[in-house]
Amino acid sequence: NAEYMGGERFAKTVVRSRAALAYQRAWEMIEDKRDASEEAGALRHLFKLSRILKQRRIDNGALELASSEMSVKLDVETGETASVATYESFPTCSMIEEFMLLANVQVAAKIYEHFPSYAFLRRHPAPSEGQFEALQQALADRGHEPLDLQSSASLAASLNRTTDPEDPFFNVLVRMLTTRCMQQARYFPSGEFNYSDFRHYGLACPIYTHFTSPIRRYADDVVHRQLAALLGLTGLSEGMTNKDHMHEIAENINYRHTQAQHASRDSSNLHTGFFFKGRTERATGYVIFRRDNGVVVFVPKFGIESIVWARPEGPDLLDAKIFDKMEVDISIRTDDGSRNKLVIEVAQGPPPPPAPPKGQKRDAETAELETATTQPDAAPGDAKPKLKKKKKKKAAAAAPST
């Protein structure tokens, strides 16, 4: 039943690795009932425990939100962008997450017990109703009850009720927009707030930190040093016991985290440009924000979003509402300054000719014929198919983030 037997133990240990598995491979082993290996059995046991831990968190009011994270696949030979899509998650991602969350919570409580004035923690404030005004109005326009913001538990329950039987993605979109209404979680030294303000709203836990990823987050390194010090394995520098110095570290990490998010978006935009250059794709999009001169549309198939500008010769977008669906054409255009930019437009006329998979060899004569026969029907400004042959690509899946 996933109850603790004899309490936690904190120690410096050595892990004996039995296998290195990607999330997808681990899930395949769990699903394959013919796999009677010791590793598969251990995975199934861990997965069962993780379901219990997750349900316990949900019962305590933890939120299940969504994001628009993009997955990029690169050609292993040329390094070119082979595809972009919404990141595919597997149940094993959640399995690992549950044990990471459990470790982070236990370590947070431990370092706060020993260092009540400068334990390095992470808090997530509760949102204000003002941050949800636009989303609440959009839900009301579609005949849905407003989200209950009294607590994380009430918000979680109302998110579960906000569904559309005719569109399963609607609930995912609501959770994605809910995430954007939230404040950012922030690092802080424990002496700056009362214990009641330590709470992580999204995870519904009274105290939290980041401990499990010291190879990629400096905050985890700080926490590892504090844990090692309380175990008597090492000492702490003078700065690590100074609340003001710890405040400076926290503020710098918070700033760097925001900058890293911006860099990640820029990287996604760069690869999006590489992928759509020389092609036009038609897909279903959802309005997620309204402007005076257009709407912002999110396209789930590719995990991208952009402004669809209102045009005199195009359909009227001023009456479009958040959550409205529309067919859009996605392409790359070059402006007067020779800069490429992603363009999403309301689809009009026949669909564009299907683009070949990135890197697929095409006969030049066939490409010329396709250009001659399909270009007159293409929407104004659509890029013409390239005639130059390219080497065949082999896509390599990007490593999932934990």
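Helices H1 and H3 are roughly perpendicular to each other, a term that covers angles of 65 to 115 degrees. This is a predicted model, in which local features need pLDDT of at least 70, side-chain atom pairs count only at pLDDT 80 or more, and totals for chains, interfaces and linings use all residues. Residues are numbered from 1 along each chain as its sequence is written, and side-chain values use heavy atoms, with hydrogens and water left out.

**Stop 1: H1 and H3**

Select residues 23–31 for H1 and 91–114 for H3; the two pack at an angle of about 100°, with their axes 8 Å apart. Axes are lines fitted to C-alpha atoms, for helices over the stretch in contact, and angles run from 0 to 180 degrees between N-to-C directions. Helices (H or I, at least four residues) and strands (E, at least two) are DSSP runs, numbered from the N terminus.

Now show side chains. H1 contributes Tyr23, Ala26, Trp27 and Ile30 to the contact, and H3 contributes Pro91, Thr92, Cys93, Met95 and Ile96. Contact means heavy atoms within 4.5 Å. By class, eight of these residues are nonpolar, one is polar and none is charged. Here Ala, Val, Leu, Ile, Met, Phe, Trp, Tyr, Cys and Pro count as nonpolar, Asp, Glu, Lys and Arg as charged, and the others, Gly among them, as polar.

**Stop 2: H5 and H6**

Next select H5 (residues 152–161) and H6, which pack at an angle of about 150° with axes 9 Å apart. That angle makes H5 roughly antiparallel to H6, the term for angles over 145 degrees. Leu155, Leu159 and Asn160 of H5 meet Asn171, Val174, Arg175 and Thr178 of H6. This contact has three nonpolar, three polar and one charged residues.

Stay on threonine 178, which is found in H6 (residues 169–181). At 0% relative accessibility, threonine 178 counts as buried; buried means under 20% relative accessible area, exposed over 50%, and partly exposed in between (1.4 Å probe, protein chains only). Leaving out residues up to four places away in sequence, threonine 178 touches Leu65, Phe132, Leu135, Leu147, Leu155 and Leu159.

**Stop 3: H8 and its ends**

Select residues 243–276. Helix H8 has 34 residues and reaches 50 Å from its first C-alpha to its last, close to the 50 Å expected at 1.5 Å a residue. The expected span is 1.5 Å times one less than the number of residues. The buried residues of H8 are Met246, Ile249, Ala250, Ile253, Asn254, Ser268, His271, Thr272, Phe275 and Phe276.

At the start of H8, a side-chain oxygen of asparagine 242 reaches to within 2.9 Å of the backbone nitrogen of aspartate 244. Just after H8, look at glycine 278, where phi is positive at about 80°.

**Stop 4: two loop residues with positive phi**

Most residues other than glycine have a negative phi. Alanine 204 has a positive phi near 55° and lies in the loop between strand E4 (186–189) and helix H7 (218–230). Alanine 204 is buried, with a relative accessible area of 11%.

Then move to phenylalanine 323, with a positive phi near 85°, in the loop between strand E7 (304–309) and strand E8 (325–334). Phenylalanine 323 is buried at a relative accessible area of 2%.

**Stop 5: the chain as a whole**

Zoom out. The protein chain has nine helices and 10 strands, and buried residues make up 39% of its 402 residues. Of the contacts in the chain with a separation of 6 or more, 66% are between residues 24 or more positions apart.

Notes:
A polar contact is a pair of N or O atoms within 3.5 Å; within protein, one must be able to donate a hydrogen and the other to accept it, and residues adjacent in sequence count only if both atoms are side-chain atoms. Angles under 35 degrees count as roughly parallel, over 145 as roughly antiparallel, 65 to 115 as roughly perpendicular and the rest as oblique.
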